[in-house]
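Here's a quick tour of a fold, with the model open beside the text. Keep the viewer handy as you read.

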Amino acid sequence: MERRKFIKAAGIAGVTGAAAAASAFPKPAIAQERIEFAMVSTWPRDFPGLGTGAQRLAERIGVMSEGRIQMQYFAAGERVGAFDSFDEVASNNAQGYHAADYYWKGKNPGWAFFTAVPFGLTYTEMNAWIRFGGGQELWDELGSEFGLKGLMAGNTGVQMGGWFRKEINSADDLKGLKMRIPGLGGDVMAKLGASPVSLPGGQIYENLVSGAIDATEWVGPWNDAFMKFYEAAKFYYYPGMHEPGAMLALGLNASFWGKLSKSDQAIIEAAAASENDWMMSEYNAKSGAALQDLITNQGVQLRQFSDEIYDSFSEAAEEVFEEVQAHSDLSSRIYNSFLKSRADVGAWTNISDQAYVQQRNRVLGL
Ligand code: CA
């Protein structure tokens, strides 16, 4: 019944009739429709931070939609291998993945910017670029080339430089090193004479212990302690130039996303934004104590990369960024948008967060 006729009929029929008519009014179809949503991921099941965060996100989408969006979560290897997540979602076999988008840099180096790049953005800077600096629009444009739609859904914060069997006193010490380091950070290491390898989290430990790789980065003290890398490499370097605020993505099949109601899209967006915040909170809460434990109880030697090594990283990163710009018009536009945000927000970080924390910790001796 058209709304105008319905109101008129209710008016004539009086109170009793109106009540009857109202109860007969159909519930919105959206409340009855169940949506199946299979989510794959690049993390082992129950893996602290990344895996538990992805699982929390899947659960939250189910709860927020009161079960209408029926989530089925598959950790790495439970449905497809970690690095097959992209194709699984692009083909709509699964509707979403939780992953680090820099794993797909071979398809377009622009993907790396939506996780982390060398000399890139911290957590708060990344949020600023994605939400207010044009980042999301470029991410959408890149995703649309592959039938995907990305949402921010987690962050590790500044990552450590990695685990090494020997001290790294100059850039020359990186030559010939076989190191697990994905994304454009791996390309920087290659420019400096190392051999970067991209392995999913579940395979790093065995490769480090067997000697198949000489060094590895992963995340930070809380995650790395769980991985027991200290059993094979004692020198733990900071800060990592390669992932200063690694953002994790909820990558959705674009056609699945486009068919969802505005309400369902809003639920998924809110759940992803929530996880973006929760994951970062957990990393920040647990990393300091984990680092202290590694040093005190596992004999880990904490080392800082020297300025000279950082200068070498920077020179190599500039070469990598030239290749990114040469790849395609889109990757060049992504790089230049990132560059503008890094300059604007980075300069502000200098006199806000950085200046304050430096003064506070100096006064308090932290
Ligand atoms: Ca990492």
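**A serine to start with**

Does Ser341 count as buried or exposed? At 8% relative accessibility, Ser341 counts as buried (buried means under 20% relative accessible area, exposed over 50%, and partly exposed in between, with a 1.4 Å probe and protein chains only). Ser341 sits in helix α12, residues 329-364. Leaving aside residues up to four places away in sequence, Ser341 touches Trp129, Gly133 and Gly346; contact here is heavy atoms within 4.5 Å.

**Ground rules**

This is a predicted model, where local features need pLDDT of at least 70 and side-chain atom pairs count only at pLDDT 80 or more, while totals for chains, interfaces and linings use all residues. Residues are numbered from 1 along each chain as its sequence is written, and side-chain values use heavy atoms, with hydrogens and water left out.

Helices (H or I, at least four residues) and strands (E, at least two) are DSSP runs numbered from the N terminus, and two strands pair if DSSP finds at least two bridges between them.

β4 and β10 (residues 247-253) run antiparallel and are joined by six bridges; in β10, Ala249 is the bridge partner of Met152.

**The six-stranded sheet**

Another open sheet, also mixed in pairing, runs β7-β6-β8-β5-β9-β11. Its edges are β7 (195-197) and β11 (301-304), each with a single partner, so one side of each is left without a neighbour in the sheet. Four bridges join β9 (residues 235-238) to β11, and these two run parallel. Tyr236 has Leu302 as its bridge partner in β11.

**The largest pocket**

The largest pocket is lined by 34 residues, with Thr122, Gly157, Val158, Pro239 and Pro244 nearest its centre. A pocket is an open set of points on a 1 Å grid over the protein atoms alone, where a 1.4 Å probe fits, with protein on both sides within 12 Å along at least five of seven lines; lining residues have an atom within 4 Å of a point. The elements giving two or more residues to this lining are α4, α10 (262-297) and α12.
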